[in-house]
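Please read it alongside the sequence and the structure shown here.

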Amino acid sequence: MNKKIGLPIILALCIVAGIMIGLKINKEARFARTFLYNYHPDKYQSILNYISSNYVDSIDVNKISDEGYQHLLHKLDPHSSYIPASDYTAVNEQLVGNFKGVGIEFFIVADTVMVMNVITGGPSEKAGVISGDKIIAINDSIVAGNKITSEKIFKKLRGKENTKVKLTVLRDSKKVNLVINRGEVKINSVETAFMINNQIGYIKINSFGANTYIEFMENIDRMINKEGMKKLIIDLRQNGGGYLEAATNILDELLSDSKTLVYTESRNHNRHNYNCSKDGMFEQGKLCLLVDEGSASASEIFAGALQDWDRGTIIGRRTFGKGLVQQEYMLPDSSAIRITVARYYTPSGRCIQKSYKNGIDDYEMDIYKRYKHGEFQHADSIKYTDTTKYLTAKGRVVYGGGGIKPDIFIPADTQGVNAFSNECFSKSLVQQFAYQYYSNHKNEFAKYKNANDFSQQFTIDKNTFDSFVSYAKKSGVKSAKPNLIIASSAYLQNQIKAFIAKANWKMQGYFTVTQNQDNAFRKAMEVLK
C-alpha cells in the first residue's frame, strides 16, 4: 500500500472506529442522538465501500477494520485492546475455564500422533484414552505419514458438542477402538497441588480464571485437612493474571481481619476497596510466594498484598509491572473491546504500573531491556521510575512504579541453556523424545509408587541421553556441537525425566522432578524449614 494513500485511510478508519466505540459504550440516549447528528457514523461504511470497490489491490477489508480498531486502542495504553468476533471464544477460554472438544494433548513423533496428556474429567478420559496411545485413525481415516500436521488433526478432532468421533489407537502393540463424545473440557488454572513432605504443600496457579478460587479451595482443603499441611509454597511464576476477584478471593483465605487487599481508582478518583470479609483457611501458616518477570496483573495484586502485610516471603525476580484495570464491552457483531477504566494500588498505596509514555513498542521491549541490563542476574540492577518510599505493616520500605520487587532475589538459572538446548525445545524434541520413551517403556513405571519415588530412583543414563542426541541430529538440529551438548546435558536430562514423569503423573510428576534444579523453589524450602 502506498504510504501517502494508506495512512489517511487507516487514520480515518481509526477515528471513525473510535467514534463508534464511544457510541457503544455511552448508554445515554440524548448523547447518542447528538452523536448521530454531528458525526455521521455511516461514513465508516462509506469508507469501507470505497476501499473495497476502488482500491488498486485486492484486500481484506475486515482485516483492515480490525487493525484500525486495535491501533486506536493501543494509542490509549498497552492493555486496552480490540478482540475480533472470530477470536473472542479462544481468547476467553483460559479465563472462563472450559472449552468444547475432546480433551487431549498430542505430539506428532516420527509421523505418528501420540497422546501425551489426557485432561482429567474430559471426554477422552471418559472414553478410555490414556497417555502413550498412538492415534492411527480418526473416523476410520488413517492419520499417519509425512503429510500429517497438527492443524489437520485438530480439524478432525474438533466438532460440535455431543457429536461423536471414533479413534483407533495403538496400545501395547494392539489396536483399540474408542468412541469419544465431544463435550466440555475443563481447563485447570491450578496446574498442580501436592505435598512436598509431611508439612509443606506446593500449589502452582497458571492464571486467575473463573474457577481458580474453587480449584484452590478444593486443593487447600485436601492438603490441610487430609494431608496435614502446615506451610505452603504458592507459585505464580509466568502467571499473566486474569480476574481480579479470583485473586482477592484467594488472598482472603491467607490474610486476616478486614485488611485491605487492593484498591482501584478511576478517572474521577472514585475509590473501590477490596477487603478481607471472612475467616480464611490459611491465615497463620508459614507462606512463600514465587514470582518472576512473567507474573503480571492479578499476580502482582496477590504479591503486593502479601508483601505489604508482611504475610510470607516473596521469592524470585521483579514482576512485570501491570497496574491497569480493564473493563470489557461487547459490540453488536460479537467482537469486544477492553478499555482501561482504573488503576489498582497495593494496600500501602503503591501503583506498580510501569511507564508506557514512549509507546507500545518500547513498552513491549521492557523485559528484554531488563535482561540486557543484567536485572535477571543481579538485584542491584533493578531500576524504579517511582522513588517514593512506601512502608509495609512492619515498616519495611518498598517501591512502586514497575512491578513488585521480591524480598529474596533469585537470579535466572541459565546453566545448561544454550543454542543446542534452545533449538531442541523450539522443535519440541525434548517432549517428543520423552513421550516416545514413555510409550516404549510404559510397563516399567509400575514399580514406582508415586512421582517422588520416581524422581529419587529413576535416572536418564548415558545410553538414553546419547539416543536423544542422535534423535536431535536426525531431526535437523544444527547446533548439536560437542561442547554445547556437554554443557546442556544435565539440564536436558532433567527435562527429559520431567516430561516422562508428566506422562505418568501429569503436572505433579513434572514439577516433582524439575524442583530438584529449581533455585527459587529450593530457597522457599530453606525459608520454610
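The expected span of a helix is taken as 1.5 Å times one less than its number of residues. The model described here is a predicted one.

## Helix H14 and its surroundings

Helix H14, which covers residues 429-440, has 12 residues and reaches 16 Å from its first C-alpha to its last, close to the 16 Å expected at 1.5 Å a residue. Because 10 of the 12 residues of H14 are buried, the helix is largely enclosed by the rest of the structure. The buried residues of H14 are Leu429, Val430, Gln431, Gln432, Phe433, Ala434, Tyr435, Tyr437, Tyr438 and Ser439.

## Thr464 in helix H16

Thr464 lies in helix H16 and is buried, with a relative accessible area of 11%, where the cut-off for buried is under 20%. Its side chain makes a polar contact with the side chain of Asp461, at 2.7 Å. When neighbours within four places in sequence are left aside, Thr464 is in contact with Phe433 and Tyr437, and both of these are among the buried residues of H14.

## Packing of H13 on H17

The axes of helix H13 (residues 419-426) and helix H17 (residues 482-514) come within 8 Å and cross at roughly 35°. On the H13 side the contact is made by Ala419, Phe420, Ser421 and Phe425, and on the H17 side by Leu484, Ile485, Ser488, Tyr491, Leu492, Gln495 and Phe499. The residues of this contact divide into 8 nonpolar and 3 polar, with no charged residue.

## The six-stranded sheet

An open sheet of 6 strands has the order E10-E11-E12-E15-E16-E21, and its pairing is mixed. Strands E10 (190-195) and E21 (408-409) stand at the edges, each with a single partner strand, so one side of each is left without a neighbour in the sheet. Helix H17 packs on the sheet, touching E10 and strand E11 (200-205), and its direction makes about 65° with that of E10.

Within the sheet, strand E12 (residues 231-235) and strand E15 (residues 286-291) run parallel and are joined by 5 bridges; Lys231 stands opposite Lys286 in E15. Helix H18 (residues 519-528) lies across E11, E12, E15, strand E16 (313-316) and E21, and runs at about 165° to E15.

Note on methods:
Residues numbered from 1 in each chain as written. Predicted model: local features only at pLDDT ≥ 70, side-chain atom pairs only at ≥ 80, totals over all residues. Heavy atoms only, no water. Axes fitted to C-alpha atoms, helices over the stretch in contact; angles between N-to-C directions. Helix = DSSP H or I, 4+ residues; strand = E, 2+ residues; numbered from the N terminus. Contact = heavy atoms within 4.5 Å. Nonpolar A, V, L, I, M, F, W, Y, C, P; charged D, E, K, R; others polar. Buried < 20%, exposed > 50% of the residue type's maximum accessible area, 1.4 Å probe, protein only. Polar contact = N/O pair within 3.5 Å; in protein donor to acceptor, adjacent residues only side chain to side chain. Pairing = 2+ DSSP bridges.
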